[in-house]
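Hi,

Here is the structure I said I would pass on.

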Amino acid sequence: MSGEHEENGVEGQNGAVSERPPTNWVDYAEDRKIYVSSLNFATRDGSLKAYFEKYGEVEKAEVKMESATRSRGFGFVVFNEPEVLDTILECKHSLDGREIEVKRAITMKEKFSTNKLFVGGLPPKLPNEDVVEFFRKFGEVQDVEWVVDRVTGNRKGFCFVIFADPEAVEGVTDGKIPPQSQKHEIKGYTVECKKKFPDNHPVQKKIKRIQQQKKERAMAHEYMGQDYMAYGYDYYNGYYDGQYFGYGYPSYGYNYNNGYSNSRYVSPPPKVAYAQTPYRHSPSVSN
C-alpha cells in the first residue's frame with residue numbers, strides 16, 4: 001500500500017526524493033496526470049496503461065517499483081488530454097482483481113507550498129521589528145518564532161517567519177526547495193532563507209537523513225564530540241559555531257563568535273544537553 005506522502009510523487013525508491021521540482025512550479029503534465037493506489041502487486045505498466053486507455057489516449061503509465069520484481073502498489077498515468085480526468089474521477093475502478101483508488105495527482109505547487117520560512121544567520125541583537133519590517137514587503141507577517149538557548153537564555157541566530165499566504169514564502173525563496181536557499185540582506189546582515197515544511201514532509205525527512213549523515217561523518221573524524229543537533233530539526237539546527245559545513249555564517253547553537261574560525265578548528269565548548277529546545281514566541285505581530 002502507498003503512503004500519504006507517496007501520493008505527491010516526491011518520495012522515490014528507498015525513500016529518496018526522486019522528483020526535483022522546478023523553481024517556477026511548471027510541473028510536467030500536472031493537469032493530465034492521475035495518481036493510482038491500492039494496485040495489485042502483480043500489476044505492471046502494460047496492464048495499467050491498457051486499463052485506462054478506454055478513457056482516452058495514454059501518454060505514459062508507470063507503476064512505481066521497490067525493486068525489479070516488487071511493486072510499491074501505486075503508480076501514475078498521464079493522458080494526452082486533460083478533459084478525460086473528470087470522467088475517470090467519477091467512476092469506480094478495478095484492475096487485476098483488485099479495487100483501485102484514483103485521484104488527481106497533486107501539483108508541484110501543492111507539494112512544496114508552505115507559509116513558514118526559516119531565516120538563518122541573524123545576529124543576536126537584531127530587533128524583532130527589523131525582521132518583521134523587512135519581510136512585510138513580501139506579504140502579511142503573522143508571527144516571528146525565535147528560539148532561545150535554555151542554558152543562557154540568549155536568542156539563537158535563526159528564527160521562523162509565519163506568513164498569512166504561502167505565496168509570500170515563494171517570493172522570499174524564489175520558489176527554491178531546501179537545501180537550496182535564497183540570500184537577503186537585513187540591516188547590512190546577509191541572511192539565508194529557506195522553506196520550512198512539517199517534519200513528516202518528504203523533503204524534510206530527506207534533509208534530516210542528510211544532516212544525520214553529516215553528523216556521523218563529522219563525529220567519525222572527531223571534528224566535534226558533542227550533540228550539536230541542539231534544536232531538534234536536524235537540518236535547520238545543525239549549525240555549529242563559526243563556519244558550519246560551508247554555510248559560512250555564525251553559529252545557530254552556541255555563542256555567536258566561538259567555535260570554528262575561518263581558517264582553523266578551535267576546540268568546541270563543553271558538552272551541554274539542551275536538545276529539543278522549545279520555542280519562545282515573540283509577541284504577536286501587528287500588521
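Keep in mind that this is a predicted model.

I started with strand S10 (residues 189-195), where Glu-192 is the bridge partner of Gly-120.

Next, the nonpolar cores. The largest has 20 residues, and Leu-117, Val-119, Phe-135, Cys-159, Val-161 and Phe-163 have the most contacts inside it. Elements giving it two or more residues are S6, helix H4 (128-135), strand S7 (141-148), S8, helix H5 (166-173) and S10. H4 supplies the largest share, 4 residues. There is also a second, separate core of 17 residues, with Phe-52, Val-77, Ile-88 and Leu-95 among them.

On to the rings: I count 15 aromatic pairs in the structure. One of them is Phe-52 with Phe-79, edge-to-face at 6.3 Å centre to centre and 85° between the planes. This pair links distant parts of the chain, since Phe-52 is in helix H1 (residues 45-52) and Phe-79 is in strand S3 (residues 71-79), 27 residues apart. Phe-52 and Phe-79 are both buried. Another edge-to-face pair is Phe-135 with Phe-163, at 6.3 Å centre to centre and 80° between the planes. Phe-135 lies in H4 and Phe-163 in S8, so this pair ties together parts 28 residues apart in sequence. Tyr-51, Phe-52, Tyr-55 and Phe-79 make up one aromatic cluster.

Two arginines sit over rings, too. Arg-155 lies over the face of Trp-146, 3.5 Å from the ring centre, and the charged end of Arg-70 is over the ring of Phe-41, 5.0 Å from its centre.

Last, the cysteines: the structure holds 0 disulfides. For Cys-159, the nearest cysteine sulfur is that of Cys-193, 8.5 Å away. Cys-159 counts as buried, at 0% relative accessibility, while Cys-91 counts as partly exposed at 33%.

Cheers

Methods
Residues numbered from 1 in each chain as written. Predicted model: local features only at pLDDT ≥ 70, side-chain atom pairs only at ≥ 80, totals over all residues. Heavy atoms only, no water. Pairing = 2+ DSSP bridges. Disulfide = S-S within 2.5 Å. Buried < 20%, exposed > 50% of the residue type's maximum accessible area, 1.4 Å probe, protein only. Core = buried A, V, L, I, M, F, W, Y, C linked by side-chain atoms within 4.5 Å. Phe/Tyr/Trp six-rings, centres within 6.5 Å; stacked < 30°, edge-to-face > 60°. Lys NZ or Arg CZ within 6 Å of the ring centre and 35° of its normal.
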